[in-house]
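Subject: Model handover and findings

Hi,

Here is the structure you are taking over. My notes on it follow below.

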Amino acid sequence: MSIMTIMTIKEPSLNITVIQSMINAIDKPAIFITPDYVIQAVNQAYKETYKSKVVVGKSKCHEISHKNPKPCDKYGEDCPLQQCISSKRAVSVVHVHATGEGKSYCDILMKPIIDEDGNTLGFLEILDKINYASSESEKGKMIGSSSAFKSMLNKINRAAQSKIAVLLQGETGSGKELVAQAIHDASPRNEKPFVVIECTGLSESLFESELFGYEKGAFTGAINSKKGLIEVANSGTVFFDEIGDVPLNMQVKLLRLLETQSFRAVGGLKQKRSDFRLVCATHKNLLDLVEKGEFRQDLYYRIAGFPIMLPSLKERAKDIPELVRHFLKHSEHQNKKFSENALDKLCGYAFPGNIRELISIIEQSVLLANEDIIHANDLPDVVRQLTDTSNSADEKIHSLDEVERTYLTKLCNEFTGTPDELASLLNVSTRTLYRKLHRFGLKLA
């Protein structure tokens, strides 16, 4: 028997008064809908979220949330109601809704409501507004609308509402600090400090004094006492960036801190405590480092309570045009605009440096362009050459060695940073970079 048939049979016993009471008790926007998408009960928070008036027993959810005459799956989105009917389980999806504040991301939780006989009476929909992301340019927010981006938002939202330790994994330049900030902003600790600890390059002495602080006279130059970052972060969030770079001998001290949330300042005798939420990030494969004995296994499982893999920009090609418009809008070059052909070229580029590289390419293109419209031939050579190589069916296919040689040659001529910085951007070790340069007879300028 289909759910539609069940609804027809069970409708006389459907107690809307009880369901309305249940809906009213929920502090987030919520509705109760039947399988035909009709809203049968709604709370005040939901009514205040949307401009469109909800008429109970008549309005359909997609008409209110999307201003669409048909369900969202007819417009290329995952429909939580259809997924719920199919799986007979609670499901969650991230959608862009037409709220009273404009287009806003919402994390939708849909649950089937079952009666005592096991019949599905309808579905409870609860909305969680996502304020740290947008599908359109908005300052201070993560921008995107691709499936990979929405999937990441769903995980961020789940993590933010708990106390679990989060490990952000992704390529260099993929926005790990921005995601860490979003987790903090969406958490109950959002009014408390968000403290960033850069793990790269920390010596053992710096590690202790920066994290734990020091007492007056603890060492030469300590003319005053100083609070450490861990103490400053009390009641807030601590973000350990590039946690994979913490040397093995310092990982024991870090593990003890994370397990006990207690520490002593350098030169101090008093044990101090700090209540903080833990978020870590790395571009390295920590499990590989564990296998090699370069990262403690117990520390890994302490920090990786909820791993989130950040998609590379290559996986988010759909987001590139909006990201380009966003970065131009919030720069000194608001009058500039990329042509459709130039945007197509950017969407076909791999972006090994991810968002950071996209920003760099935008800045270069602005300088190379002679007009307000940035054309494809105004893009940096590395973009034009690699996209031409990959997109032209008439050209001969180049070997990976040729493409790598071309790209590294370009970097050797133009990159002004250190070898370590370049290796980090390329997501390889410095030793691997030198080996590749030697292989092609190249040297950094």
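Ile19 counts as buried because its relative accessibility is 7%. Here buried means under 20% relative accessible area, exposed over 50%, and partly exposed in between (1.4 Å probe, protein chains only). Ile19 sits in helix α2 (residues 16-24). Helices (H or I, at least four residues) and strands (E, at least two) are DSSP runs, numbered from the N terminus.

Some ground rules. This is a predicted model: local features need pLDDT of at least 70, side-chain atom pairs count only at pLDDT 80 or more, and totals for chains, interfaces and linings use all residues. Residues are numbered from 1 along each chain as its sequence is written, and side-chain values use heavy atoms, leaving out hydrogens and water.

Strand β1
Ala30 and Phe32 point one way from β1 (residues 30-33), Ile31 and Ile33 the other way, and all are buried. In a regular strand, side chains alternate between the two faces of the sheet. β1 runs antiparallel to β5 (residues 120-130), joined by four bridges. Two strands pair if DSSP finds at least two bridges between them. Ala30 has Ile126 as its bridge partner in β5. β1 also pairs with β2 (residues 39-42), antiparallel, over three bridges. There, Ile33 stands opposite Ile39. β1 and β2 form a hairpin with five residues between them, and Tyr37 in the turn has a positive phi of about 75°.

Domains
The chain is divided into domain 1 (2-130), domain 2 (149-309) and domain 3 (314-439). These bounds come from an automatic or database domain assignment. The C-alpha centres of domain 1 and domain 2 lie 40 Å apart. Nine residues from domain 1 and seven residues from domain 2 make the contact, meaning heavy atoms within 4.5 Å. The two domains bury about 700 Å² between them, 44% of it on carbon and sulfur atoms. Buried area is the accessible area (1.4 Å probe) that two parts lose on being put together, summed over both. In domain 1, Val94, Tyr105 and Asp107 lose the most area to domain 2, together 52% of what that side buries.

The rule finds two salt bridges across the interface of domain 1 and domain 2. A salt bridge is a side-chain nitrogen of Lys or Arg within 4 Å of a carboxyl oxygen of Asp or Glu. Arg158 forms a salt bridge with Asp107, with the closest N and O atoms 2.5 Å apart.

Other salt bridges
The structure holds 14 salt bridges. One of them links Lys28 and Asp128, with closest N and O atoms 3.4 Å apart. Lys28 is in the loop between α2 and β1, Asp128 is in β5, and the two are 100 residues apart. Lys28 counts as partly exposed at 28% relative accessibility, whereas Asp128 counts as buried at 17%.

Lys284 forms a salt bridge with Asp245, the closest N and O atoms being 2.6 Å apart. Lys284 lies in the loop between β15 (277-282) and α11 (286-292) and Asp245 in the loop between β12 (237-241) and α10, so the pair ties together parts 39 residues apart in sequence. Lys284 is partly exposed at 30% relative accessibility. Asp245 is partly exposed too, at 24%.

Helix α10
Gln251 lies in helix α10 (residues 248-260). Gln251 counts as buried because its relative accessibility is 0%. Leaving aside neighbours within four places in sequence, Gln251 is in contact with Val246, Glu294, Phe295, Arg296 and Leu299.

Best regards
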